[in-house]
Amino acid sequence: MDFQHMLDINPETGVILSKVFRRGAGAAGHRIGNINPYGYLWFLHNGKRHLNHRVIWEFFNGKIPEGMQIDHINGRRDDNRLANLRLVDAAQNSRNRKRQQNNSTGVTGVYPYKDTGRFCVQIGSGKSRIFLGIFDTLFDAACARKSAEINSHYHPNHGRAA
């Protein structure tokens, strides 16, 4: 993607401005990007959709290698500051996910164990899940999960609230 002649990108704010008039979008100097249903900023150019964070990464760092992804370090998909973007593979990216909205315990990888009042803990490793145990308290379960995250090199932001 060669957008250098068309876009003005501020790496400190992650804002993309158009250098040229775009039909339907307005005069030069307007902000580029609409939020898609997944929370990412994107724009259309020559009939193709481009994600702002990928354009920003490639503008300053070159082409994204095959199989690699751009992760938003702080988990905010509309925060495209260059300092908030990092090149990762899919496994690394999944280790920096927000806590899912349907999580009932408030701790990623910890869920109530049947109707016993105890808590089951698991963690992903590659394409499989590793069972870490069943614990009497949520605190003990959360500690086991956090320890496993540290040992498995999960990002410190993993599992934070959305």
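Predicted model: local features only at pLDDT ≥ 70, side-chain atom pairs only at ≥ 80, totals over all residues.
Local features are reported at pLDDT of at least 70, side-chain atom pairs count only at pLDDT 80 or more, and totals for chains, interfaces and linings use all residues. Residues are numbered from 1 along each chain as its sequence is written, and side-chain values use heavy atoms, with hydrogens and water left out.

Start with the salt bridges. The structure holds 6 of them. The criterion is a side-chain nitrogen of Lys or Arg within 4 Å of a carboxyl oxygen of Asp or Glu. Asp 78 pairs with Arg 76, and their closest N and O atoms are 3.4 Å apart. Both ends of this pair are partly exposed: Asp 78 has a relative accessibility of 36%, and Arg 76 has 45%. Here buried means under 20% relative accessible area, exposed means over 50%, and partly exposed lies in between (1.4 Å probe, protein chains only). The areas come from the Shrake-Rupley method with a 1.4 Å probe, and for residues only the protein chains shown count as cover.

Next comes Asp 79. Its salt bridge partner is Arg 81, with the closest N and O atoms 2.8 Å apart. Asp 79 is buried, at a relative accessible area of 7%. Arg 81 is partly exposed, at 31%.

Helices (H or I, at least four residues) and strands (E, at least two) are DSSP runs, numbered from the N terminus. Asp 136 is exposed, with 54% relative accessibility. Arg 118 is partly exposed, with 34%.

Which residues gather in a patch of positive charge on the surface? They are Arg 77, Arg 97, Lys 98 and Arg 129. Patch members have over 30% relative accessible area and no salt bridge; like charges are joined within 9 Å, and nonpolar side chains (Val, Leu, Ile, Met, Phe, Trp, Tyr) within 5 Å. Lys and Arg count as positive and Asp and Glu as negative, while His and the chain ends are not counted. Each charge is placed at NZ of Lys, CZ of Arg, CG of Asp or CD of Glu. Arg 129 belongs to strand 10 (residues 128-135). Arg 129 is exposed, with a relative accessible area of 52%.

The cysteines are next. How many disulfides does a search of the whole structure find? The count is 0. Cys 120 is in no disulfide, and the nearest cysteine sulfur, that of Cys 143, is 16 Å away. A disulfide would need a pair of cysteine sulfur atoms within 2.5 Å. Cys 143 is likewise in no disulfide. Cys 143 is partly exposed, with a relative accessible area of 36%.

Then look at the backbone. Most residues other than glycine have a negative phi. Lys 114 is not a glycine, yet its phi is positive, at about 45°. Lys 114 lies in the loop between strand 8 and strand 9. Lys 114 is exposed, with a relative accessible area of 66%. His 153 also has a positive phi, of about 60°, although it is not a glycine. His 153 is placed in the segment after helix 3. His 153 is exposed, at 68%.

Two C-alpha separations complete the tour. Tyr 113 is in strand 8 (residues 110-113) and is partly exposed, at 26%. Tyr 113 and Met 6 are 107 residues apart along the chain, and their C-alpha atoms are separated by 55 Å. Ser 94 is in helix 2 (residues 90-94) and is partly exposed, at 33%. Ser 94 and Gln 122 are 28 residues apart in sequence and 15 Å apart in space, C-alpha to C-alpha.
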